Amino acid sequence: MSPGTPTSLQRILVALFAIGTVLIGQGQKIKKTGIPRWVNPIGYTSEKTNDDQGGYAYLLLDFQENLVEQQVYRHYAIKILNTEGIQAMSDIDVSYDPSYQKLAFHQIQLVRDGTIIDRLEQSTINVFQRETQMERSLYDGSLTGVVNLWDVREGDIIEYAFSTKGFNPINKKHFSTTFYQEYTTPVSHIYQRLVTNSSKRIHYKLLDGAVPPKKLNTAGTTDYIWDLDGSDNLLYDSNVPPWYDIQKRVFISTFEDWGQVVDWAKELYTTPKDRLEVSKTLMMEKEPLNERIIQLIRFVQDEIRYLGFESGIGAYKPNNPAKVYRQRYGDCKDKSLLLASLLREEGISAYPLLVNTQIKDGVKDLMPSHNVFDHCIVYFSFEDTDYFVDPTSSNQGGNLENLTFPKYGAGLLIKPGENELIAIPENSKPQVIITENIVVDSIGGGASLN
């Protein structure tokens with residue numbers, strides 16, 4: 001390769017820059033419009049705050065979502081209590097995916113001593129492509145619209161409202177979300193509203209003491225409304241694991257059961273019609289089947305580098321395995337579907353498996369939904385034994401009999417006919433148990449560690 005020839009990585013970065021420039025140009029068309037007609041106007045009813053709340057206090061969280069219009073509306077009222085609050089709340093930032101969403105601001109104002117100071121008309125909306133997961137080799141293409149407020153003072157109330165229009169087309173008219181009825185900071189007024197077509201069935205599950213909605217039927221639509229006092233906040237201890245969530249919340253989904261989620265996913269995880277013949281390429285056709293399996297696992301883990309472009313439908317739909325094999329990179333979905341396809345070519349029953357690496361088997365407490373998972377792995381069966389492998393675990397080493405695996409707890413197998421989550425057995429080998437004993441002599445005294 002001559003010194004002037006760009007590498008494949010350089011070409012990718014140039015393409016990303018070009019795409020980012022185009023998207024940011026589109027993102028600069030963020031509109032300033034009036035509040036959508038379907039929105040119920042909600043005001044904050046109290047300015048009473050506790051001085052111990054910190055730098056600011058939430059007077060209103062107004063969240064309204066319209067499945068008919070495919071629009072999500074957010075409305076906040078925040079009282080600034082001191083200079084820390086000025087620093088924390090003087091910048092308004094909203095992220096959105098320009099591949100299917102449009103962002104509009106409807107209201108930005110300061111309320112000072114009862115006087116409303118409009119800031120929307122004179123504000124400049126800056127647009128940035130932040131790529132917050134770039135260090136993890138993930139690019140989601142999202143943009144962030146930012147408004148920097150000026151002349152914010154102690155005692156001001158910042159009130160603003162915006163909406164995003166457009167749902168990810170990969171959802172195929174399905175929808176799910178979580179409404180929290182309790183936060184880690186007090187909220188004077190919580191208003192949550194979901195608008196749907198009257199013929200659309202909505203399922204919800206109340207968690208940790210959440211209350212049911214008020215249901216209103218209008219001409220062709222049904223409203224699910226929660227109008228609450230959120231001053232009873234919840235405090236967590238430090239270093240609480242991510243799966244420990246005990247806040248009052250409502251999980252909402254249009255999926256009937258997990259089988260319907262499988263039906264949605266199996267259309268995305270399709271294997272290629274033509275064989276990839278990787279075994280022949282790696283010259284392992286004469287190897288025993290168990291050796292071919294472990295070599296294919298190591299090939300996908302180590303030779304297919306981890307890199308994901310997850311804008312729009314890319315957040316859910318994996319690339320064709322033949323493409324991933326050619327380009328030698330992919331995210332967890334890409335690598336899992338590739339490995340499952342290669343194992344099937346060897347006559348092994350193999351399927352992608354969706355898991356949640358944060359809440360693990362806590363997914364069993366949620367409603368069936370397509371967006372409760374954040375990772376994809378592979379399940380396969382060989383000689384009447386079930387195996388689980390994470391294709392993103394590079395340089396794992398070991399043989400098939402000693403295949404280590406993270407404690408993911410439970411997952412959804414993307415296999416025709418599946419209608420329940422499956423348990424992922426805990427891999428007990430190999431393991432290291434460390435016991436540390438600290439003996440303290442006295443307060444302020446010495447200590448010993450064994």
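This section describes the sheets, helices, cores, loops and aromatic pairs of a predicted model.

Local features were taken at pLDDT of at least 70 and side-chain atom pairs at pLDDT 80 or more, whereas totals for chains, interfaces and linings use all residues. Residues are numbered from 1 along each chain as its sequence is written, and side-chain values use heavy atoms, with hydrogens and water left out.

Helices and strands are DSSP runs numbered from the N terminus (helices: H or I, at least four residues; strands: E, at least two). Strands pair if DSSP finds at least two bridges between them. L354 has L412 in β23 as its bridge partner.

Contact means heavy atoms within 4.5 Å. Axes are lines fitted to C-alpha atoms, for helices over the stretch in contact, and angles run from 0 to 180 degrees between N-to-C directions.

Buried means under 20% relative accessible area, exposed over 50% and partly exposed in between (1.4 Å probe, protein chains only). D257 caps the N-terminal end of α3. A side-chain oxygen of D257 lies 3.1 Å from the backbone nitrogen of G259.

An open sheet of 3 strands has the order β4-β9-β7, again with antiparallel pairing. Its edge strands are β4 (91–96) and β7 (125–128), each pairing on one side only. Neighbouring strands of this sheet are turned by 25 degrees against each other on average, direction ignored. Strands β4 and β9 (residues 143–148) run antiparallel and are joined by 6 bridges. The bridge partner of V94 in β9 is G145.

Nonpolar cores were examined next. A nonpolar core is a set of buried Ala, Val, Leu, Ile, Met, Phe, Trp, Tyr and Cys residues joined through side-chain atoms within 4.5 Å. The largest such core has 41 residues. Y76, F105, I108, L149, I158, Y160 and L194 have the most contacts inside it. Residues up to four places away in sequence aside, I158 touches Y76, A77, I78, I80, M89, Q109, L110, L149 and V152. A second, separate core has 27 residues, including L276, I294, L342 and F380.

Several loop residues were also examined. Most residues other than glycine have a negative phi. D113 is not a glycine, yet has a positive phi of about 55 degrees. D113 lies in the loop between β5 (102–112) and β6 (115–118) and is exposed, at 79% relative accessible area. K172 likewise has a positive phi, near 55 degrees. K172 sits in the loop between β10 (157–165) and β11 (176–180) and is partly exposed, at 40%.

I246 is placed in the loop between β15 (221–230) and β16 (249–253). With a relative accessible area of 30%, I246 is partly exposed. I246 and D208 are 38 residues apart in sequence and 5.9 Å apart in space, C-alpha to C-alpha. Neighbours within four places in sequence aside, I246 is in contact with E182, D208, L234 and Y236.

Rings of Phe, Tyr and Trp (its six-membered ring) pair if their centres lie within 6.5 Å; planes under 30 degrees apart count as stacked, over 60 as edge-to-face and the rest as tilted. By this rule there are 18 aromatic pairs. Y180 and Y183 form a tilted pair, 6.3 Å centre to centre with 45 degrees between the planes. Y180 is partly exposed at 23%, whereas Y183 is buried at 18%. The ring centres of F405 and Y408 are 5.3 Å apart and the planes stand at 90 degrees, so this pair is edge-to-face. F405 is buried at 11% relative accessibility, and Y408 is buried at 8%. F63, Y76, F105, Y160 and F162 form one aromatic cluster.

Technical notes: Polar contact = N/O pair within 3.5 Å; in protein donor to acceptor, adjacent residues only side chain to side chain.
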